[in-house]
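Hello,

Below is the structure you will be working with. Please open it first, then read the notes that follow.

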Amino acid sequence: MTGGHRRILVVEDDPETAGQLVESLTTSGYQVDLATSGNEALSRGATGGYAVITIDRMLPDIDGITVMRQFRDDGIAAPVLIVSALGEVDDRVRGLRAGGDDYLVKPFSFVELLARVEALGRRSDTIVKETILRVGDLALDLVSRTASRRGKDIVLFPREFQLLEYLVRNEGRVVSRAMLLQHVWDLHFDPSTNIIDVYVGRVRRKVDGQQAYPLIHTVRGVGYSLRAPG
Amino acid sequence: MLLAKTLASSTFKQALIAIGTFGIIVSALFGYVYLSTSSYVRSRSDRDIMTELSSLRGAYEHSGRDGLIAQIQQRIADRNSANNVYMLADPSLAALAGNLREWPPTTTATGGWIEFRANEALPNAANRPLVRAMLQTFPGGDHLLVGRDISDLDNFADHIKAAIISAAALLFVIAGVASILVTRRTVGRIESINATSRAIMQSGLDQRIPLRGTHDEWDRVAENLNLMLDRIETLMGEVRQVSDNVAHDLRTPLTRMRGRLEKAYHGQRIGADDQALIGDTITDLDAVLRIFSSLTRIAQIETQARKGAFRTVNLVEIAGEVVELYDAAAEQEGTRLTVVGDREVLATGDRDLIFDAIANLVDNAIKHGRAGGQVVVVNEIIDGKPVISIADDGPGIPPHEYEQVFKRFYRLEHSRYTPGNGLGLSLVAAVAHLHGAQIEMLDNSPGLKLRLWFSAPIR
């Protein structure tokens, strides 16, 4: 990734949240610009060159969604992460999915935000057209939809395979429970149970059971990460 | 459809009662007119006959039988009394004079009124005319009959009768048609108000009752109802705005709080004990937030803000996905989770919300069912309605608590220590209400069977 691709515009009116956002993104190696109002966001956004833009849904002057639409009208294609403080992700925000953008409901964990920003920033990269994905001794055949470790087949249900594929594609990155629900089940709400953990638990037993080393790791308070040791 | 509603409407029933009352009065009035007219005409003719009779009696008393015969012949010759009937008969009832050749066959041959059909034609009269006559027997034994052809009178009465009956019939027809038309108009207006009310109940407050611009009482009713709807819409908007603001104002400090805790958790100089403490605090904070989210979510579904995402969905598909998602959880409990039934059960709705509702029901069934038991999800079409049922074989719910369990934070005694926040079924109820679906709870003996009756998809 080039330096330009690590620039992020954060649009947030609450000073402390903005500070925390800037700090955690900076710590993760991003170059962060802050805008505290919709108008400031529009003028900063116009200079271009941002890999990702995060916008608070409720701004003192212009609504976050309107800012995002304005960006689109101005030809700014950078992926946008809408941060909503409203109780429920409303229809308008749900409509974003089509545009390849994302949303996050406050309060969020910063690890989750980072995971989302990572995922959005990566989207502009080329899509890998491989038929077999490998992490350590795990191999996923995307054509026959089968998985194996050290050449030994792992029996997976289709949805389990989808989940593993998503983890593998995000190798080394943190994937939150909400992201799994969105990408594997196309669910855009929190089912308010530990159902994802139970599901991942079963996939993990199938993938990591009686193996030399574990691939799926729990990231406390956020979700999961798949990585090979070393 | 409209005609059936018209006939069933109370306005029409009232109109019928009015027509009935009016009809009785009109019939009585016409009846009186008919009776008095016909009796007047008849009494006049009777008077004429009596005058004639007394004049002829005078002639008999004055100039005897021959004088009377002459008088009778003179009268018959008079064209003005062509309708009159005369007959003088001897004591053996053989004709002596008059325009009647045979004494009418009658029992009261000696005196008083009779009515009979004459055997022969009279001049200017119909064949076998109806004759009303008075009889008189003279001291000498001769019988005199003076009468009148009353066929015309009868015809006159018949004409009056016919006129009255047809006028009454016409009146009833006009009144009937008028009442149907008036009622139909009323029913039409009420129906348009009803249709709008139903549309508002189903799809939100953005519709208004159409005005006709006639400035009549119906337009005024519609105007007032529309004003009421405006007011409700404004209030709902304000409530939503307030809850949005509350959500926003609570979430912003909570975000900061969580941010600080997270920073502390990942801090370098922190001991393991402190880290665990902070970790637990974050978990608790998240639990509080989840309850908060659930409450605002339920409130939002209840205010019907999400109809925009409605489309035709296959319940079987959604149920399949839910069962797949909960498969692992069921396995953990040793519960057998299966989905059976039809392959396609279509309904109109919001896929995410229906998923959430079914997920909550399946989650409940697994949690509150028997460990090592069975949870069955059935998709079917009953009476043309898409139905999904979720049944477990656990302890079930006592029937008197069926209503209670849909209240927010309500928890059954025996499930007080099972994880959950008592909001799941409230959400199910809100989703069901938004979709116009009925919830039915049944005893699965043992266990609980909950059925969701959706309405058939709109094509």
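**Where the two chains meet**

The contact between the chains draws on 30 residues from chain A and 36 residues from chain B. Please keep in mind that this is a predicted model.

On the side of chain A that touches chain B, the elements that give two or more residues are helix H1 (15-27) and helix H8 (195-208) of chain A. H8(A) gives the most to that side, with five residues. What kinds of residues make up the side of chain A that touches chain B? They divide into twelve nonpolar, nine polar and nine charged.

**Two helices in chain A**

Next, look at helix H2 (residues 38-46) and helix H3 (residues 64-73), both of chain A. Their axes come within 10 Å and cross at roughly 20°. Angles under 35 degrees count as roughly parallel, so H2(A) is roughly parallel to H3(A). The crossing in which H2(A) passes H3(A) is right-handed.

Which residues make this contact? From H2(A) they are Gly38(A), Ala41(A), Leu42(A) and Gly45(A). From H3(A) they are Val67(A), Gln70(A) and Phe71(A). By type, the residues of the contact of H2(A) with H3(A) divide into four nonpolar, three polar and no charged.

**The buried side of H3(A)**

Stay with H3(A) for a moment. Its buried residues are Gly64(A), Val67(A), Met68(A) and Phe71(A). These residues lie on the same side of H3(A), because they cover an arc of only 100° around the axis. Among them, Val67(A) and Phe71(A) are buried and also take part in the contact with H2(A).

After H3(A) comes Gly75(A), a residue with a positive phi, near 80°.

**Chain B as a whole**

For chain B there are overall values to note. Chain B has eight helices and twelve strands. How much of chain B is buried? Of its 459 residues, 26% are buried. Taking the contacts in chain B between residues at least 6 apart in sequence, 63% join residues at least 24 apart.

Regards

Key: Residues are numbered from 1 along each chain as its sequence is written. Chains are lettered from A and ligands numbered from 1 in the order in which they are written. This is a predicted model: local features need pLDDT of at least 70, side-chain atom pairs count only at pLDDT 80 or more; totals for chains, interfaces and linings use all residues. Two residues are in contact if their C-beta atoms, placed from the backbone, lie within 7 Å. Helices (H or I, at least four residues) and strands (E, at least two) are DSSP runs, numbered from the N terminus. Ala, Val, Leu, Ile, Met, Phe, Trp, Tyr, Cys and Pro count as nonpolar, Asp, Glu, Lys and Arg as charged, and the others, Gly among them, as polar. Axes are lines fitted to C-alpha atoms, for helices over the stretch in contact, and angles run from 0 to 180 degrees between N-to-C directions. Angles under 35 degrees count as roughly parallel, over 145 as roughly antiparallel, 65 to 115 as roughly perpendicular and the rest as oblique. A crossing is left-handed if the near helix is turned anticlockwise from the far one by less than a right angle, and right-handed if clockwise. A residue is buried if 20 or more other C-beta atoms lie within 10 Å of its own, exposed if 12 or fewer, and partly exposed in between; C-beta atoms are placed from the backbone. The arc is that of the directions from the helix axis to the C-beta atoms.
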